[in-house]
Amino acid sequence: MMKENNQINEVPVNSIFEQPWWLDVVSNNNWKSIELINNNKIYARLPYVEKNVMGFKVITVPQLTQSLGIYIEGTGAKRTKSLERNKKIINEIVDKLPEKSNVVLYLDSNCNYVLPFTWKGFNLTPTYTYRFDDLENLDAIWKGFKENIKTDIRKASKKVEIRDDMPVDTIIELNKKTFARQKRKYPIDDDMIKKLDKVLIEHNARHILTAVDSEGRIHGAAYFVYDSNRCYYLLGGEDSEFRNSGAGSLLVWEGIKFASKVSKAFDFEGSNIENIERFFRAFGGEPKIIMKASRLNWFLALAEFLKPKIKKIIGYEQ
């Protein structure tokens, strides 16, 4: 069943990225959802968008969206019965995807039983994020930081003030500078970010932190989105002139402290860029797998295989 169902009031989600209002903005109201329903209640769900890639339609996730589904409601059954049920649900949902469709899904870490995808012809590739699942003991989290992170935080604390009253334009401009420094194409539409920011404010689901020195110069900024379960470090940027001020580390630490007041967990949202991954890893969070499940025709599969190799040759960071 697709998402249009006026009798269903509550849509279950794994994360904020699966909320209908989030998907409305990041997909420009162009998303669909496969839903399994019993007694007017959704017990399994996979939202997705369709994109045109090299002339082919591909079912995938939209911009700024770490992962999508599959959401499967728990029953409390013992593991053997639970896995058998999950297999049946995954098979049913995959079978409801458009026939012969090209698919590239990034599955929420809650979807940790993925073998049924391989039996349906998918290739599975692990991608990673880092997460603190328990935010109650901030002292323990601090002790887990690498020493250079602690040093940067102490240094930045003497140079900048952390503010939470700056507009979204601040993070947009700094993020553009960060992409330019990394020699990466800036992929996000400014208007879409502003629309998303407005919706997040309406849902009390975002927090912007900015590091500003005594002369009013902005060293860096970080954009966090959250619900009661997880807070994500969605966007971040630094002015290259102040990259050594330690502001980036301080912003993350302040974000973790904020997350401890509103969410159960803090997620770095992951990155395949080696330098960024190394930075996130230095905070000591637990690695979490976001499984990439892809099923592509031979042409798109070849293009996906060659893309990272071509990027490496031309010096374009992934």
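Let me begin with the largest nonpolar core, which has 32 residues, and in which Ile16, Trp22, Leu64, Leu200 and Tyr223 touch the most other members. By nonpolar core I mean a set of buried Ala, Val, Leu, Ile, Met, Phe, Trp, Tyr and Cys residues joined through side-chain atoms within 4.5 Å, where buried is under 20% relative accessible area, exposed is over 50%, and partly exposed is in between, with a 1.4 Å probe and protein chains only. At least two residues of this core come from each of α1 (20-26), α6 (168-181), α7 (190-202), β9 (218-226) and β10 (230-238); these helices (H or I, at least four residues) and strands (E, at least two) are DSSP runs numbered from the N terminus. Another core, of 30 residues, lies apart from it and includes Phe132, Trp142, Ile153 and Ala282.

Please keep in mind that this is a predicted model, in which local features need pLDDT of at least 70 and side-chain atom pairs count only at pLDDT 80 or more, while totals for chains, interfaces and linings use all residues. Residues are numbered from 1 along each chain as its sequence is written, and side-chain values use heavy atoms, with hydrogens and water left out.

Which residues does Trp22 contact, leaving aside its neighbours within four places in sequence? With contact meaning heavy atoms within 4.5 Å, they are Ile16, Phe17, Leu64, Thr65, Leu196, Leu200, Val225 and Leu234.

Arg206 belongs to strand β8 (residues 206-213), and its side chain is joined to that of Asp197 by a polar contact of 2.7 Å. A polar contact is a pair of N or O atoms within 3.5 Å, of which, within protein, one must be able to donate a hydrogen and the other to accept it, and residues adjacent in sequence count only if both atoms are side-chain atoms.

In the loop between α7 and β8 we find Asn204, whose phi is near 50°, a positive value in a residue other than glycine. Met54, in the loop between β2 (41-53) and β3, likewise is not a glycine and has a positive phi of about 55°. Both side by side: Asn204 is exposed, with a relative accessible area of 57%, and Met54 is exposed, at 52%. A further backbone point is the cis peptide bond that joins Gly69 and Ile70, with omega about 0°, Ile70 being in the loop between β3 (56-60) and β4. For context, most residues other than glycine have a negative phi, and most peptide bonds are trans.

Now the second largest pocket, which holds about 260 Å³ of space. Its lining has 16 residues, and those closest to its centre are Ile72, Ser82, Asn86, Asn110 and Asn112. Here a pocket is found on a 1 Å grid over the protein atoms alone, as an open set of points where a 1.4 Å probe fits, with protein on both sides within 12 Å along at least five of seven lines, and lining residues have an atom within 4 Å of a point. Grid points are joined across faces, edges and corners, and the volume is the space filled by probe spheres set on them. The elements giving two or more residues to this lining are β4 (71-72) and α2 (79-95), and α2 supplies the largest share, 5 residues.
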